[in-house]
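I opened a new notebook page for this structure. My plan was to look up a few features and write down what I found.

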Amino acid sequence: QVQLVESGGGLVQAGGSLRLSCAASGRTFINNAMGWFRQAPGKEREFVAGNRWAGGNSYWADYADSVKGRCTISRDNAKNTVYLQMNRLKPEDAAVYYCAAVRTSEKVKNPATSPDEYDYWGQGTQVTVSS
């Protein structure tokens, strides 16, 4: 059974940093696209960052405009874990953050930014940013 478990959320002051982790179990995602989404109350789930297999040990990273320059997505395949480093957090970054993975192992030519493109989801971790 595939599971994605997020951790690292919490309360932080505006301007602070958090690192979210997503530990996968049940299979590996070395050659799969993985991503982070977030959902604030009353809003739709939105793409934050994605990590696509580019072949070999290379990956493309994609970011939403709202977090570009402030967030970094990375993965540790030995730990089957993907990370989201978030810096200079703003109150508008507050949301439940979800990790997601695509079932198919393949190179994804275009950024996978729609929730519909992902097959596996974690339960989410809350990020709260105080002003």
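The entries below cover the disulfide, the nonpolar core, the cavity and some loop residues.

**Entry: the model**

I noted before anything else that this is a predicted model.

**Entry: the disulfide**

How many disulfides does the structure hold? I found 1. C22 and C99 form the bond, and their sulfur atoms are 2.1 Å apart. I then looked up where the two partners sit. C22 belongs to strand β3 (residues 18-25) and C99 to strand β9, so the pair links distant parts of the chain, 77 residues apart. I read an angle of -75° about the S-S bond, and the link of C22 and C99 is left-handed. I also checked burial: C22 is buried, and so is C99. As background, I wrote down that a disulfide is a covalent bond between the sulfur atoms of two cysteines.

**Entry: C71**

I turned to another cysteine, C71. The cut-off for a disulfide is 2.5 Å between sulfur atoms. I also looked up the accessibility of C71. Its relative accessible area is 7%, so C71 is buried.

**Entry: the nonpolar core**

Next I looked up the largest nonpolar core. It has 35 residues, and L4, W36, L84, M86 and Y97 touch the most other members. Which strands supply at least two residues each? I listed β3, β4 (34-39), β5 (46-55), β7, β8, β9 and β11. Strand β9 gives the most to this core, with 5 residues. The general pattern I had in mind is that nonpolar side chains tend to be buried together in soluble globular proteins.

Leaving out residues up to four places away in sequence, L84 touches L18, R19, L20, W36, V48, A49, C71, T72, I73 and Y97. That list includes C71 from the entry above.

**Entry: the cavity**

I asked for cavities of 30 Å³ or more, and the count came to 1. The space in the largest cavity is about 30 Å³. Which residues line it? I read off F29, I30, M34, R75, N77, N80, T81 and V82. By class, this lining has 4 nonpolar, 3 polar and 1 charged residues.

I noted the background: most residues other than glycine have a negative phi. N80 lies in the loop between β7 (71-76) and β8 (81-86). Is N80 buried or exposed? It counts as buried, because its relative accessibility is 14% and the cut-off is under 20%.

R88 also has a positive phi, about 50°, and is not a glycine. I found R88 in the loop between β8 and β9 (95-101). With a relative accessible area of 47%, R88 is partly exposed.

**Entry: G122**

G122 is buried, at a relative accessible area of 11%. Beyond residues up to four places away in sequence, G122 touches L4, E6, Y98 and C99. I also took one distance: G122 and A33 are 15 Å apart in space, C-alpha to C-alpha, and 89 residues apart in sequence.

Terms used:
Residues numbered from 1 in each chain as written. Predicted model: local features only at pLDDT ≥ 70, side-chain atom pairs only at ≥ 80, totals over all residues. Heavy atoms only, no water. 1 Å grid on protein atoms, 1.4 Å probe; cavity = no way out; pocket = protein on both sides within 12 Å on 5 of 7 lines; lining within 4 Å. Points joined across faces, edges and corners; volume = space filled by probe spheres on them. Nonpolar A, V, L, I, M, F, W, Y, C, P; charged D, E, K, R; others polar. Helix = DSSP H or I, 4+ residues; strand = E, 2+ residues; numbered from the N terminus. Buried < 20%, exposed > 50% of the residue type's maximum accessible area, 1.4 Å probe, protein only. Contact = heavy atoms within 4.5 Å. Core = buried A, V, L, I, M, F, W, Y, C linked by side-chain atoms within 4.5 Å.
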